[in-house]
Amino acid sequence: MNDQHEADQHEAEQHEAAELDELDELDELEDDEDFDEDEFDEDFGALPPPAAPVFGTGDVPDGYRSGFACFVGRPNVGKSTLTNALVGQKIVITSDKPQTTRTVVRGIVHRPDGQLVLVDTPGLHRPRTLLGERLNDLVKTTWAEVDVVAVCFPADEKIGPGDKFLVNELAKVRRTTKIAVATKTDLVTAERIGEHLLDIAELGRETGTDWAEIVPVSSVGGDQIDLLGDLLVGLMPEGPPLYPDGDLTDAPEEILAAELIREAALDGVRDELPHSIAVVVEEMGLREGRPDDKPLLDIHANLYVERDSQKGIVIGRKGARLREVGTAARKQIEALLGTPVYLDLHVKIAKDWQRDPRQLRKLGF
């Protein structure tokens, strides 16, 4: 990293340190006069349902296929990791904490024979808050709008009541093709994989679900990822590409940056904290006056939590944890966007935002 970039980041860290002195001055979202609700809803609201412009067919070969596939499953079954593996680059955050995916991020897989648009959704779960109810509604809406729904069942866990509930709900969506994916096969023996595949087939019979395919994969090891891609493309309708060649996602860069910041903030915190963290990128743009060969992307973002105690956890002792979050997030954003980043983070409180319709709307849910 060049000296100028290090100097810029040092400036950001000094700014963060100054913010720590204001820990006792709690900022509440509802009292923030600078918060433009209309502007927020336009720029940072939830992504629209699957839809895309169709580009010119050009040299598209006969039999070319394109369409949407959706990965669903209980929380933390490997949906986001699987999306990243198929796309070939990280576009969706991953975490060992469940229920971390909150937006429908679309990853785009380009192949000579077709284009596959992957929709990554939150995990279907028993909701305890208004946020949870809205995330579940988002999942069910997506099921009816895609060409194929792929249900993920981790091989290191037995089929349980949560899986049966999910598949029973999915069975109500009649016209969507359904496949089953046994994930995390790298964590178990071949014998266990065989048992797991039989259990998945039996679950299909019990719920009246006709699996078009049942395929075991390992996103970490790369096992059968290409095969899964082949199967999914084969189930898509014939048609031209939906997105330009080279696009890996249609999620705005602000959304991707916010998700990577939230991923860094989730790492290593208490179990109850991940569901209380929301991130909003307030400003993002290239710094003016920089030479073309030394660009610098300025990102100013707020991390919202629900309580004073959570704010202290995110900031850490003397700001150590917030600096770690900033460093980790900056590296991920730079890797994704290919541009040096100056990242300015602030922690604010939006009391009980998961249960407050007004707060949820302002945070894009």
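**Enclosed elements of a predicted model**

Biologist: How many of the seven residues of strand 4 (residues 148-154) are buried?
Modeller: In this predicted model, strand 4 is largely enclosed by the rest of the structure. One side of the strand has Val148, Ala150, Cys152 and Pro154, and the other has Val149, Val151 and Phe153, with both faces covered. In a regular strand the side chains alternate between the two faces of the sheet. The number of buried residues in strand 4 is seven of seven.

Biologist: Which residue in strand 4 is the bridge partner of Val72?
Modeller: Strand 1 (residues 65-72) and strand 4 run parallel and are joined by four bridges. In strand 4, Val72 has as its bridge partner Val151.

Biologist: How many bridges join strand 4 to strand 5 (residues 177-183)?
Modeller: Strand 4, helix 5 (residues 161-171) and strand 5 form a right-handed β-α-β unit. Val148 has Thr177 as its bridge partner in strand 5. The two strands run parallel, and the number of bridges between them is seven.

Biologist: Which element supplies the largest share of the largest nonpolar core?
Modeller: This core has 28 residues, and those with the most contacts inside it are Ile261, Ile299, Leu303 and Leu345. At least two residues each come from helix 8, strand 7 (278-286), strand 8 (297-305), helix 9 (308-315), helix 10 (320-337) and strand 9 (341-349). The largest share, eight residues, comes from helix 8.

Biologist: Which residues does Ile261 touch, not counting residues up to four places away in sequence?
Modeller: Ile261 is one of the buried residues of helix 8, and it is among those with the most contacts inside the largest nonpolar core. In soluble globular proteins, nonpolar side chains tend to be buried together. With residues up to four places away in sequence left out, Ile261 touches Val279, Ala301, Leu303, Val325, Ala329, Ile333, Leu343 and Leu345.

Biologist: In which sense do strand 7 and strand 8 pair?
Modeller: Strand 8 is largely enclosed, since eight of its nine residues are buried. Strand 8 and strand 9 run parallel over nine bridges, with Ala301 opposite Leu345. Glu283 has His300 as its bridge partner in strand 8. Strand 7 and strand 8 pair over eight bridges, and the sense is antiparallel.

Biologist: Is Lys184 buried or partly exposed?
Modeller: Lys184 is in the loop between strand 5 and helix 6 (190-207). Lys184 has a positive phi of about 60° although it is not a glycine. Buried would need under 20% relative accessible area; Lys184 has 22%, so it is partly exposed.

Biologist: What is the phi of Gln224?
Modeller: Gln224 is in the loop between strand 6 (214-216) and helix 7 (225-234), and it counts as partly exposed at 35% relative accessibility. Most residues other than glycine have a negative phi. Gln224 is not a glycine, yet its phi is positive, at about 65°.

Biologist: What share of the 365 residues of the protein chain count as buried?
Modeller: The chain has eleven helices and nine strands. Its accessible surface comes to about 17100 Å², with 46% belonging to carbon and sulfur atoms. Of the 365 residues, the share that count as buried is 50%.

Key. Residues numbered from 1 in each chain as written. Predicted model: local features only at pLDDT ≥ 70, side-chain atom pairs only at ≥ 80, totals over all residues. Heavy atoms only, no water. Buried < 20%, exposed > 50% of the residue type's maximum accessible area, 1.4 Å probe, protein only. Pairing = 2+ DSSP bridges. Right-handed = clockwise from strand over helix to strand, strands pointing away. Core = buried A, V, L, I, M, F, W, Y, C linked by side-chain atoms within 4.5 Å. Contact = heavy atoms within 4.5 Å. Areas by Shrake-Rupley, 256 points an atom, 1.4 Å probe, with all protein chains shown as cover.
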